[in-house]
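This report examines one protein model, moving from a sheet to the nonpolar cores and then to selected residues. Please keep the sequence and the structure in view while reading.

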Amino acid sequence: MPVPPSSRRTEQRILVTDVASLAHGQARTFTFDDGDHEGRGFVLALRWPERAEPELLAYRNRCAHVAFDLDMGTGEFWSAKLGRIYCRTHGACYEPRSGICDRGPCVGRGLERFEVERQGQDVVVLVPAEA
């Protein structure tokens with residue numbers, strides 16, 4: 001049955017503030033409308049020696065193995081020891097730039113990535129309508 005036009009979601013633009021000052025591996029969380037419930041995501045800052053500005057990546061806060069939050073509510077997504085985004089529930093490790101699991105129970109599956117637009121010290125995360 002077709003979805004009535006009034007209930008179709010549109011792309012969301014979520015402002016996440018002061019992310020350019022985050023240290024390597026730090027993240028800022030955000031929420032978005034995910035239909036019947038609140039969706040959660042995070043913006044991760046990666047500071048590489050070859051780049052003047054941090055690389056800012058946004059992902060849905062959901063493990064590809066089991067639909068649990070990666071951080072278990074801590075706001076910490078990065079393992080400095082592993083150099084990976086890390087799921088605190090079952091230990092899945094994700095390559096930060098691609099979001100693909102390369103160690104753990106869901107090897108080959110990936111995190112849902114969102115596009116980001118820089119706006120000075122902030123970013124706007126673009127959450128697609130079908131997210």
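## The open sheet

In what order do the four strands of the open sheet lie, and is their pairing parallel or antiparallel? In this predicted model, the order is 5-6-7-8 and the pairing is antiparallel. The edges are formed by strand 5 (78–79) and strand 8 (101–103), each of which pairs on one side only. In general, the strands of a sheet pair through backbone hydrogen bonds.

Strand 5 and strand 6 (residues 84–86) run antiparallel and are joined by two bridges. Within this pair, S79 stands opposite R84 of strand 6.

## The nonpolar cores

The largest nonpolar core comprises 18 residues. Those with the most contacts inside this core are F42, L44, L70, I85, A92 and Y94. At least two core residues come from each of strand 3 (37–46) and strand 4 (55–60). Strand 3 contributes the most, with three residues.

I85 illustrates how such a residue is surrounded. Leaving out residues up to four places away in sequence, I85 touches several residues, among them F42, L44, L70, A92 and Y94. Its other partners include Y59, W78, P96 and L111.

## A buried asparagine

N61 is located in the loop between strand 4 and strand 5. Is N61 buried or exposed? With a relative accessible area of 5%, N61 is buried, because buried means under 20%.

The side chain of N61 has polar partners. One of its polar atoms lies 2.7 Å from the backbone nitrogen of L70, and a polar contact of 2.9 Å links the side chains of N61 and D71. Apart from neighbours within four places in sequence, N61 is also in contact with residues that include R40, G41, F42, F68 and F77.

## Cysteines without disulfides

How many disulfides does a search of the whole structure find? The search finds zero. Two cysteines show the reasoning, for which the cut-off is needed: a disulfide requires two cysteine sulfur atoms within 2.5 Å.

For C63, the closest cysteine sulfur belongs to C87 and is 3.7 Å away, so the two are too far apart for a bond. For C93, the closest cysteine sulfur is that of C101, at 7.0 Å, which is likewise too far for a bond. Both residues are buried: C63 has a relative accessible area of 5%, and C93 has one of 2%.

Key: Residues are numbered from 1 along each chain as its sequence is written. This is a predicted model: local features need pLDDT of at least 70, side-chain atom pairs count only at pLDDT 80 or more; totals for chains, interfaces and linings use all residues. Side-chain values use heavy atoms; hydrogens and water are left out. Two strands pair if DSSP finds at least two bridges between them. A nonpolar core is a set of buried Ala, Val, Leu, Ile, Met, Phe, Trp, Tyr and Cys residues joined through side-chain atoms within 4.5 Å. Buried means under 20% relative accessible area, exposed over 50%, partly exposed in between (1.4 Å probe, protein chains only). Contact means heavy atoms within 4.5 Å. A polar contact is a pair of N or O atoms within 3.5 Å; within protein, one must be able to donate a hydrogen and the other to accept it, and residues adjacent in sequence count only if both atoms are side-chain atoms.
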